[in-house]
Amino acid sequence: MTNIRTRFAPSPTGYMHIGNLRTALYEYLVAKKDPNGVFMLRIEDTDQGRLVEGATDIIYETLKQCGLKHDEGPDVGGDYGPYVQSERMKSGIYKEYAEKLIALGGAHYCFCNEEQIEQQRQIATARGESFIYDDPCKNLSPEEIAQRIANGEPYVIRQNIPSEGTTTFHDEVYGDITVENSTLDESILLKSDGFPTYNFANIIDDHTMNITHVVRGNEYLSSTPKYNLIYEAFGWDIPTYIHCPPVMKDEHHKLSKRNGDASFQDLVAKGYLPEAIINYIALLGWSPETDQEIYTLQELIQAFNVKRIGTSGAIFDIDKLTWMNGMYLRNMEIHDYLKLVDEHIKNAVKGNYDHLAIAKILQQRANTLNEIDEMLDFFDNYPEFDINLYTNKKMKTNPEIALNSLKAAYDILNDLEDWSEESLHDTLMNLVSSLQIKNGQLLYPIRVALTNKQFTPGGAIEIGHILQKEETLRRIKASITNLEK
RNA sequence: GGCUCGUUGGUGAAGUGGCUUAACACAUUGCCCUCUCAAGGCAACAUUCACGGGUUCGAACCCCGUACGAGUCACCA
């Protein structure tokens with residue numbers, strides 16, 4: 001039994017989008033299911049025109065942040081290099097294999113020019129017929145071919161497709177798929193400039209790099225029969241195919257790089273954790289056997305099963321990701337959480353407050369890191385007084401009651417020395433019982449007085465503790481003055 | 001247009017002929033808890049699995065057809 005080897009083969013044309021990342025994830029999981037499995041990174045940069053500066057670094061960085069560590073690749077090396085396609089090309093292997101395929105009867109030279117073919121195509125489309133190019137070059141004699149090549153005529157190498165019969169391939173998620181050979185066109189394998197086309201390069205690379213499992217989007221389903229014909233002509237083992245359904249933006253559109261659709265980078269910038277993103281996208285198009293939804297990467301490796309990948313497109317739901325991100329945040333150990341959010345707290349709160357205490361009130365509420373700034377805005381910028389906030393039916397308070405409560409609170413707090421949360425809590429609760437009022441009739445007005453906001457993370461006691469004595473009293477006093485007007 | 005694939009609630013989905021009066025989760029709504037908001041707890045939310053036929057004692061699950069959607073048909077990847 002050979003070890004499983006999978007490859008993630010992105011082209012460096014921009015940032016990493018979610019569908020791409022999910023493919024990488026599945027490839028990683030398939031490989032790591034095998035204790036000796038290898039997950040490899042290959043950069044497909046043959047389209048020089050579309051290359052984007054720095055895109056390769058984004059790929060490295062994304063994989064790293066997500067914990068999808070590759071065992072072989074341009075940056076880490078390995079026995080099957082080079083791992084960058086443009087470098088592989090230098091050795092001339094694609095041309096070599098293309099010629100070998102001709103010798104094996106799987107391909108042929110073609111000297112037709114593009115205009116000829118395009119004309120035929122247009123005639124056919126005008127008639128409403130489907131167009132399969134019937135290449136006259138297939139009938140050229142070996143002598144003539146040799147002659148024309150010697151003359152320096154440009155040529156391409158095209159695949160040979162049997163005119164009759166059917167081709168069947170097996171996919172782990174879609175099952176057996178059979179197509180009529182007559183519907184397959186003889187596509188170009190080697191371009192006139194000597195470069196391989198994508199599909200051909202893929203086959204050669206996957207084979208020479210010993211890839212056992214090919215995980216890719218289902219847009220390749222229709223070209224896979226042609227892959228098989230080539231593997232068969234070479235007499236090579238056909239890899240296990242795992243075609244994944246698309247990740248959709250809505251019911252009609254796939255997630256795309258345009259329109260700022262959820263790229264990994266965007267999501268991270270919006271305050272989502274890489275672990276949560278990975279966890280969420282694992283569940284887009286795949287479902288575990290149990291009801292468990294929160295998984296570490298290690299747990300995913302255990303639970304993952306190709307057989308449970310679905311066949312229909314899945315719409316990316318930011319609401320569920322947000323929920324899941326919140327779960328991750330809430331489940332963190334508080335000191336780790338503080339470390340994670342401290343930058344945000346520093347950014348939002350310049351005053352000298354206890355960041356750990358702030359982190360505690362945030363942790364149960366923020367679903368994404370970016371919500372934090374707004375949640376904490378009342379610390380530094382004490383909002384305008386608004387008397388309407390003091391009326392709350394459920395809390396059974398109104399400005400009048402609030403005024404009384406605040407006055408009583410002020411007097412008691414003025415004498416309080418221990419401003420720990422426990423002490424504050426006991427003091428205020430004692431006041432509640434001596435005043436014989438409801439909790440909300442004292443605490444709600446205090447919270448409002450301290451924040452002048454309708455909603456805040458934390459209640460009166462927590463916020464009072466963070467604000468400490470001086471600032472708390474100052475804000476209560478200010479509110480009393482305003483209420484007395 | 002040809003070929004290929006797909007279609008369970010607003011979303012992710014479970015379900016592979018009787019255990020389904022269709023899990024679970026997000027979202028939504030209501031209630032509880034509660035010093036606000038969250039979080040947490042509880043409940044409601046598909047008489048029905050795109051539609052129409054058929055097979056069967058019995059179908060979301062098998063077969064056929066229709067509709068709709070997606071992918072693909074480049075010297076792009």
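Me: How many residues surround RNA strand B, and which are the closest?

Reply: Happy to look, keeping in mind that this is a predicted model. RNA strand B is surrounded by 62 residues. The closest of them are Y198, S312, A314, L443 and G459.

Me: Which element gives the most to the surface near RNA strand B?

Reply: Good one! β6 (175-180), α7 (198-208), β11 (314-315), α12 (318-330), α19 (439-451) and α20 (460-484) each supply at least two residues of that surface. With five residues, the element that gives the most is α19.

Me: By class, how many residues of the surface near RNA strand B are nonpolar, polar and charged?

Reply: Let's go through the classes. The surface near RNA strand B has 18 charged residues and 24 polar ones. Its nonpolar residues number 20.

Me: How far apart do the C-alpha centres of domain 2 and domain 4 lie?

Reply: Chain A is divided into four parts: domain 1 (5-74 + 247-315), domain 2 (92-244), domain 3 (332-377) and domain 4 (387-484). Between the C-alpha centres of domain 2 and domain 4, the distance is 77 Å.

Me: Is D261 buried, exposed or partly exposed?

Reply: D261 sits in the loop between β10 (247-248) and α9 (264-269). Burial would take 20 or more other C-beta atoms within 10 Å, and exposure 12 or fewer. D261 has 17, so D261 is partly exposed.

Me: Which residues is D261 in contact with, leaving aside its neighbours within four places in sequence?

Reply: For context, D261 and F316 are 55 residues apart in sequence and 10.0 Å apart in space, C-alpha to C-alpha. With those sequence neighbours left aside, the contacts of D261 are H17, K249, L255 and S256.

Methods: Residues numbered from 1 in each chain as written. Chains lettered and ligands numbered in written order. Predicted model: local features only at pLDDT ≥ 70, side-chain atom pairs only at ≥ 80, totals over all residues. Domains from an automatic or database assignment. Near = placed C-beta within 6 Å. Helix = DSSP H or I, 4+ residues; strand = E, 2+ residues; numbered from the N terminus. Nonpolar A, V, L, I, M, F, W, Y, C, P; charged D, E, K, R; others polar. Contact = placed C-beta atoms within 7 Å.
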